[in-house]
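Subject: Structure handover and notes

Hello,

Here is the structure we discussed, followed by my notes on it. Please read them with the model open.

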Amino acid sequence: MGKFHVLNHPLIQHKLTMIRQKDCGTKVFREVVNEISMLMAYEVSRDLPLEDVEIETPLVKTTLKTLAGKKVAIIPILRAGLGMVDGILELIPAAKIGHVGMYRDHDTLQPVEYFVKLPSDISERQLFVVDPMLATGGSAVAAIDALLKRGAQPNSIKFCCLVAAPEGVETLRSAHPEIDIYAAALDERLNEHGYILPGLGDAGDRLFGTK
């Protein structure tokens with residue numbers, strides 16, 4: 001059974017408050033999202049497996065730990081998820097990157113997959129699915145469905161967001177109970193338009209300077 005983690009490190013909380021403010025401009029918003037993503041990656045990668053390796057220091061030969069097992073792929077949900085990629089790459093520069101594109105059908109309000117491009121060895125990788133917002137949960141569920149359909153292993157997927165609504169957490173956990181969810185904050189609720197309150201507005205628009 002997957003767990004829901006709120007990463008309440010003081011630096012994460014401080015930086016999240018900075019970007020929640022409506023007068024935070026695009027440049028600072030983008031930079032701070034990267035910084036939060038890097039700090040979150042430190043926690044999300046905490047259980048990556050290690051193995052012994054023999055090395056030689058300037059003084060002696062010794063056996064120490066190095067990363068083992070599955071390599072990492074970062075899977076942003078387009079487009080806002082792109083804003084979290086570079087921060088994670090700062091800590092895990094060898095990670096591969098896949099992309100999952102979703103849009104919401106205006107009639108059904110359901111997410112529709114329009115673009116999926118993934119590393120060929122997705123079944124052998126630890127996958128960090130990233131999107132700044134977990135609001136209704138529909139896009140997250142659809143993105144993970146798309147990964148599983150293409151060979152991803154359920155116990156190798158972690159979902160990472162900046163701000164989550166209780167409704168989105170419940171939707172994602174109901175659809176994929178085996179997946180760990182990491183958020184910088186659990187907010188109060190969704191409003192009638194599906195926006196997270198207090199939230200931080202439309203993350204995609206704020207990252208890319210669009211309306």
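In which loop does H176 lie? H176 sits in the loop between α5 (166-175) and β11. Before going further, please keep in mind that this is a predicted model.

Setting aside neighbours within four places in sequence, H176 is in contact with V141, I144, D145 and L148.

Helix α1

Four residues of α1 are buried: I12, K15, L16 and I19. They lie on the same side of α1, because the arc they cover around the axis is only 105°. As a reminder, residues three or four places apart in an α-helix point the same way, because there are 3.6 residues a turn. The buried residues of α1 pack against α2, β10, β11 (180-186) and α6 (203-208).

Salt bridges

The count of salt bridges comes to nine. I describe some of them here.

One of them joins the side chains of E35 and K15, with an N to O distance of 2.8 Å. K15 belongs to helix α1 (residues 10-20) and E35 to helix α2 (residues 26-44), so this pair ties together parts that are 20 residues apart in sequence. Are the two partners buried or exposed, or something in between? K15 is buried, because its relative accessible area is 17% and the cut-off for buried is under 20%. E35 is partly exposed, with 31% relative accessibility.

Another salt bridge is formed by the side chains of R46 and E43, at 3.1 Å from N to O. R46 is exposed, with a relative accessible area of 56%, while E43 is partly exposed at 24%.

K158 and D47 also meet through their side chains in a salt bridge, with 2.6 Å from N to O. Which parts of the chain does this pair tie together? K158 lies in strand β10 (residues 157-164) and D47 in the loop between α2 and β2, so the pair connects parts that are 111 residues apart in sequence. K158 has a relative accessibility of 4% and therefore counts as buried.

Aromatic pair

How many aromatic pairs does a search of the whole structure find? The search finds one. The partners are Y103 and Y114, whose ring centres are 6.2 Å apart and whose planes are at 40°, so the pair is tilted. Y103 lies in strand β6 (residues 99-104) and Y114 in strand β7 (residues 111-117), and the pair links these distant parts of the chain, 11 residues apart. Y103 counts as partly exposed, at 43% relative accessibility, and Y114 counts as partly exposed as well, at 46%.

Surface patch

V53, I55 and L64 form a nonpolar patch on the surface. Together these three residues have about 200 Å² of accessible area. I55 is part of strand β2 (residues 50-56), and with 34% relative accessibility I55 counts as partly exposed.

Regards

Conventions
Residues numbered from 1 in each chain as written. Predicted model: local features only at pLDDT ≥ 70, side-chain atom pairs only at ≥ 80, totals over all residues. Heavy atoms only, no water. Patch = residues over 30% accessible without salt bridge, like charges linked within 9 Å, V, L, I, M, F, W, Y side chains within 5 Å. Areas by Shrake-Rupley, 256 points an atom, 1.4 Å probe, with all protein chains shown as cover. Salt bridge = Lys/Arg side-chain N within 4 Å of Asp/Glu carboxyl O. Helix = DSSP H or I, 4+ residues; strand = E, 2+ residues; numbered from the N terminus. Buried < 20%, exposed > 50% of the residue type's maximum accessible area, 1.4 Å probe, protein only. Phe/Tyr/Trp six-rings, centres within 6.5 Å; stacked < 30°, edge-to-face > 60°. Arc of directions from axis to C-beta. Contact = heavy atoms within 4.5 Å.
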